[in-house]
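These are my notebook entries on the model shown below.

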Amino acid sequence: MRASINRPPTPSAEEDRDKEPSLREIINIKLVESGEKEKLMELLRERLVECSWKDEMKALCRAYARKKGRNNVTVDDLIHVITPKGRASVPDSVKAELLQRIRSFLMSTTLR
Amino acid sequence: MSSSKDAPLSPRSQLALSCFEELLDCAVADVASECHRIARLGLDRSVDAEEEELRVWAARAAAAAAAGGDHHHHPGGGGAAEEGGSKGGVDVFGQTHPAIAADVVECMNCGRPVVAGRFAPHLEKCMGKGRRARTKITRSSTAGRTRSSNGSAATSYSPYTTTANPNRGSIPNGVTDGGSGGARGDYSNHAPEGC
């Protein structure tokens, strides 16, 4: 699914990749297989809706679509519009909660 | 628990952070996809082009309702310019109808022309629904005979009296040989017409 969206890979993960490429992948597989990734996704979506982060992003998209003409926008355009602001405006509490859950999952599956 | 990225993180924390960022990217892609859909399908009412469409549509409906008179430039108003509901408003062809039906129909009971909007009350009186209405036969004469029946309608409505044409009762095909009177006993005239 990712291949159809033309965007560069997330830059902040590049440092990790040199050191332990396989661990990241292992963790990802464990997340998916156990169903924890889906639960985390649902939790994140719910929190982002509650704190009206989603509404802010939708407003940005609407403004962009209005400026550019609504038939001229692509999904990639919108992703590029949202991503910087979106990453910066996630509330700290939401981020902390998600990180806590991820960390406890990591501790329970691997002993690292 | 500090969330500043400047402090050196343990590998596990870095791992958690990258997981979180991947989840966030998914959420961002979801929102972008949804907004893209809304934009392309024109579901967003506040976009300027859409307001234009709404105004055109509302003006069309208002013009039909006012017979193309003074409501030409009715300013949208959220697209609810039509007078809600189908009665007293505009139908799908753009026609309007008065609240009370104005057609004149013929009553099948008495044969008089009646305005359609007043047809039900007319029928009530015409067919004698019971208490208040009166039939041709006045009350005093039916008081003795038809006590049990609900109204006097029973007496004026008897399709199977013996004085009527017997063909109706015996021969279903309605074969009429001149319609002569008298009861017919035999069924020899009941020629089998392939029944």
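Which residues three residues apart in helix α3 of chain A are separated by about one helical turn? I find that they are Arg47(A) and Glu50(A). Helices and strands here are DSSP runs (H or I, at least four residues, for helices; E, at least two, for strands), numbered from the N terminus.

Entry 1, conventions. I note that this is a predicted model, in which local features need pLDDT of at least 70, side-chain atom pairs count only at pLDDT 80 or more, and totals for chains, interfaces and linings use all residues. Residues are numbered from 1 along each chain as its sequence is written, chains are lettered from A and ligands numbered from 1 in the order in which they are written, and side-chain values use heavy atoms, with hydrogens and water left out.

Entry 2, the interface. I looked up contacts (heavy atoms within 4.5 Å) and found 39 residues of chain B touching 45 residues of chain A. The buried area, which is the accessible area (1.4 Å probe) lost on putting two parts together, summed over both, is about 4,000 Å² for chain B and chain A. Carbon and sulfur atoms carry 64% of it. On the side of chain B, Arg12(B), Phe20(B) and Leu23(B) lose the most area to chain A, together 16% of what that side buries.

I then counted polar contacts, defined as pairs of N or O atoms within 3.5 Å; within protein, one must be able to donate a hydrogen and the other to accept it, and residues adjacent in sequence count only if both atoms are side-chain atoms. Twelve residue pairs, both members at pLDDT 80 or more, meet this rule across the interface of chain B and chain A. The elements giving two or more residues to the side of chain B that touches chain A are α1 (11–41) and α2 (48–65) of chain B. Of that side, α1(B) gives the most, with 29 residues.

I applied the rule of a side-chain nitrogen of Lys or Arg within 4 Å of a carboxyl oxygen of Asp or Glu. For accessibility I used under 20% relative accessible area for buried, over 50% for exposed and partly exposed in between (1.4 Å probe, protein chains only). Lys37(A) counts as buried at 17%, and Glu22(B) is also buried, at 18%.

Glu34(B) and Lys58(A) form a salt bridge at 3.4 Å, N to O. This pair runs from helix α1 of chain B to helix α4 (residues 53–68) of chain A. Glu34(B) is partly exposed at 28% relative accessibility. I counted six salt bridges across the interface of chain B and chain A.

Glu50(A) is exposed, with a relative accessible area of 53%.

How many disulfides does the rule give over all chains? With a disulfide taken as a pair of cysteine sulfur atoms within 2.5 Å, I count zero. The closest cysteine sulfur to that of Cys126(B) is in Cys110(B), at 3.7 Å, so the two are too far apart for a bond. Cys126(B) is partly exposed at 21% relative accessibility, and Cys51(A) is partly exposed at 26%.
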